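Welcome! Take a look at the structure, and then read on.

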Amino acid sequence: MKFILAVALCIAFAVVLEAGIPISHTMRHDDFEPIKEDWHIPSYEYKYGVQDPKTGDHKEQWEHRHHDIVKGGYMLHDADGTKRIVEYTSDPKTGFHAIVKTEGHAKHPLIYGIGH
């Protein structure tokens, strides 16, 4: 078994040498091409919301991105009656940051269970 493996490795090595493929190369920062003007820069914007009085589902979300800078936020009504508001930003220099706010006071039933 070891002999077969050694022969297979020698054949693979010979094929790589014959094809002119470099055996080992460490990528460096200067190996990459600089950004060209005609390259696509990621950019998008969206917003949506749900207001469903039957289910009580109330939420909104929005986000905007240009290049590597993302800003967004969302709002939802939690089951305890509070409203959660989150705003976030992200960029390559400072990373991801979120600010979470809660409006209102949580309301919980005094008695839990069915039939009480």
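Let us begin with one residue. Lys83 has a relative accessible area of 27%, so it counts as partly exposed. Please keep in mind that this is a predicted model.

Which residue does Lys83 meet in a salt bridge? The partner is Glu103, and the N to O distance between the two side chains is 4.0 Å. This pair links distant parts of the chain: Lys83 sits in strand β4 (residues 83-91), while Glu103 belongs to strand β5 (residues 95-103), 20 residues apart. Glu103 is partly exposed too, with 41% relative accessibility.

## The overall plan

Stepping back, the protein chain contains one helix and five strands. Along the sequence, they come in the order α-β-β-β-β-β.

How much of the chain is buried? Of its 116 residues, 9% count as buried. The chain exposes about 10400 Å², and 62% of that comes from carbon and sulfur atoms. Looking at contacts between residues at least 6 apart in sequence, 11% join residues at least 24 apart.

Together β2 and β3 form a hairpin with two residues between them. With 32% relative accessibility, His67 is partly exposed.

Strand β3 also pairs with β4, again antiparallel and with eight bridges. Here Lys71 has Thr89 in β4 as its bridge partner. Five residues lie between the strands of the β3 and β4 hairpin, and among them Gly81 takes a positive phi near 95°.

## More charged pairs

Side chains of opposite charge can pair when their charged atoms come close. How many salt bridges does the structure hold? There are four, including the Lys83 and Glu103 pair described above.

Another of them joins Lys59 to Asp57, with the closest N and O atoms 3.5 Å apart. Lys59 is partly exposed at 31% relative accessibility, and Asp57 is partly exposed at 30%. Arg65 and Asp68 also meet in a salt bridge, at 3.5 Å from N to O. Arg65 is partly exposed, with a relative accessibility of 23%, and Asp68 is partly exposed at 37%.

## A patch of tyrosines

Finally, turn to the surface around Tyr44, Tyr46 and Tyr48. Tyr48 is located in strand β1 (residues 43-52) and is partly exposed at 39% relative accessibility. Tyr44 is partly exposed at 33%, and Tyr46 is partly exposed at 33% as well.

The structure has two aromatic pairs. One of them is made by Tyr44 and Tyr46: their ring centres are 6.4 Å apart and their planes lie at 20°, so this pair is stacked.

Methods. Residues numbered from 1 in each chain as written. Predicted model: local features only at pLDDT ≥ 70, side-chain atom pairs only at ≥ 80, totals over all residues. Heavy atoms only, no water. Helix = DSSP H or I, 4+ residues; strand = E, 2+ residues; numbered from the N terminus. Buried < 20%, exposed > 50% of the residue type's maximum accessible area, 1.4 Å probe, protein only. Contact = heavy atoms within 4.5 Å. Areas by Shrake-Rupley, 256 points an atom, 1.4 Å probe, with all protein chains shown as cover. Patch = residues over 30% accessible without salt bridge, like charges linked within 9 Å, V, L, I, M, F, W, Y side chains within 5 Å. Phe/Tyr/Trp six-rings, centres within 6.5 Å; stacked < 30°, edge-to-face > 60°. Pairing = 2+ DSSP bridges.
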